[in-house]
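This report covers backbone geometry, a helix pair and a nonpolar core. The structure is shown first.

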Amino acid sequence: MSEGLVHNIMDAISDNVSKHKKVSFSEDDDSSSVSCQVKKLFGREKPVHHILGGGKSADVLLWRNKKISAGVLGGATVVWVLFEWLNYNFLSLSCFALIIALLLQFLWTNASSILNRSSSSAPRVVLPEEVFVNIGKMVGTEVNRSLIYLQDVACEGTIKQFVVVVGSLLAAAIIGSWCNFLTVIYIGFIAAHTLPVLYEKYDDQIDNFILSALGQVQHNYGKLDAGVLKRIPRAGSFKNWGRKTD
């Protein structure tokens with residue numbers, strides 16, 4: 001689901017940025033350019049539900065079923081509060097959970113003799129092995145895919161891709177210095193459950209703002225590319241220069 005969601009969003013962004021490389025910032029062309037661009041950001045010809053991958057996951061993110069979405073968000077909030085505010089660690093929290101489970105099973109098993117009722121066996125919890133195998137495969141696949149992408153950018157990518165990746169990693173490092181890993185995950189979880197709903201409700205205003213921002217970023221990058229990046233010699237030029245000297 002996450003892979004399809006990322007691919008859908010990135011494809012939509014790349015298509016729309018390529019279509020609108022020349023964004024007008026003049027007063028005469030502003031109204032006409034915005035009116036035709038607003039409907040195309042993030043694949044506006046497709047609904048937000050389709051961009052998020054569809055299915056039950058998109059329903060949860062878009063709060064189609066408010067009880068399920070609120071339950072998922074509330075569960076994540078409880079976990080974050082336990083680890084961050086109450087300063088529980090994973091080992092202590094797991095031990096307390098096991099103690100409560102043992103007490104419940106003990107009371108369930110012995111309640112029949114105390115209440116003079118027929119004995120009943122307590123329910124047993126057994127997790128299937130396929131769950132752990134699938135999780136391990138999914139994590140391994142995503143890690144290898146990320147490593148391959150980073151190496152491709154470093155060895156075969158353009159300067160623009162290299163700068164974007166390095167800038168993203170630096171931004172992640174700065175954010176990580178402000179808060180720990182669990183808080184970063186929780187912030188991303190909150191954003192995933194709020195931003196799609198807000199975009200679906202206020203899509204025209206958000207499209208207008210993001211398109212203007214993308215146009216300004218592209219304009220500034222054009223200046224940087226013309227003034228600095230194009231003057232940096234590529235790997236092929238070094239090889240040709242070495243051959244000439246030989």
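## Loop residues with positive phi

Trp63 sits in the loop between α4 (55-61) and α5 (66-85) of this predicted model. Its phi is positive, about 60 degrees, although Trp63 is not a glycine. Most residues other than glycine have a negative phi. The relative accessible area of Trp63 is 24%, so the residue counts as partly exposed, the class between 20% and 50%.

Asn87 is found in the loop between α5 and α6 (90-114). This residue, also not a glycine, has a positive phi near 60 degrees. Asn87 has a relative accessible area of 62%, and because the cut-off for exposed is over 50%, Asn87 is exposed.

## Packing of α7 and α8

Helix α7 spans residues 129-156 and helix α8 spans residues 159-178; their axes are 8 Å apart and meet at an angle of about 130 degrees. That angle makes α7 oblique to α8. The crossing of the two helices is left-handed.

On the α7 side, the residues in contact are Tyr149, Leu150, Val153 and Ala154, and on the α8 side they are Gln161, Phe162 and Val165. Sorted by class, this contact comprises six nonpolar residues, one polar residue and no charged residues.

## Nonpolar core

The largest nonpolar core consists of six residues: Val48, Leu52, Ala58, Leu61, Leu62 and Tyr199. One of them, Ala58, is in contact with His49 and Leu52, when neighbours within four places in sequence are left aside. Of these two partners of Ala58, Leu52 is listed in the core.

Terms used
Residues are numbered from 1 along each chain as its sequence is written. This is a predicted model: local features need pLDDT of at least 70, side-chain atom pairs count only at pLDDT 80 or more; totals for chains, interfaces and linings use all residues. Side-chain values use heavy atoms; hydrogens and water are left out. A nonpolar core is a set of buried Ala, Val, Leu, Ile, Met, Phe, Trp, Tyr and Cys residues joined through side-chain atoms within 4.5 Å. Buried means under 20% relative accessible area, exposed over 50%, partly exposed in between (1.4 Å probe, protein chains only). Contact means heavy atoms within 4.5 Å. Axes are lines fitted to C-alpha atoms, for helices over the stretch in contact, and angles run from 0 to 180 degrees between N-to-C directions. Helices (H or I, at least four residues) and strands (E, at least two) are DSSP runs, numbered from the N terminus. Angles under 35 degrees count as roughly parallel, over 145 as roughly antiparallel, 65 to 115 as roughly perpendicular and the rest as oblique. A crossing is left-handed if the near helix is turned anticlockwise from the far one by less than a right angle, and right-handed if clockwise. Ala, Val, Leu, Ile, Met, Phe, Trp, Tyr, Cys and Pro count as nonpolar, Asp, Glu, Lys and Arg as charged, and the others, Gly among them, as polar.
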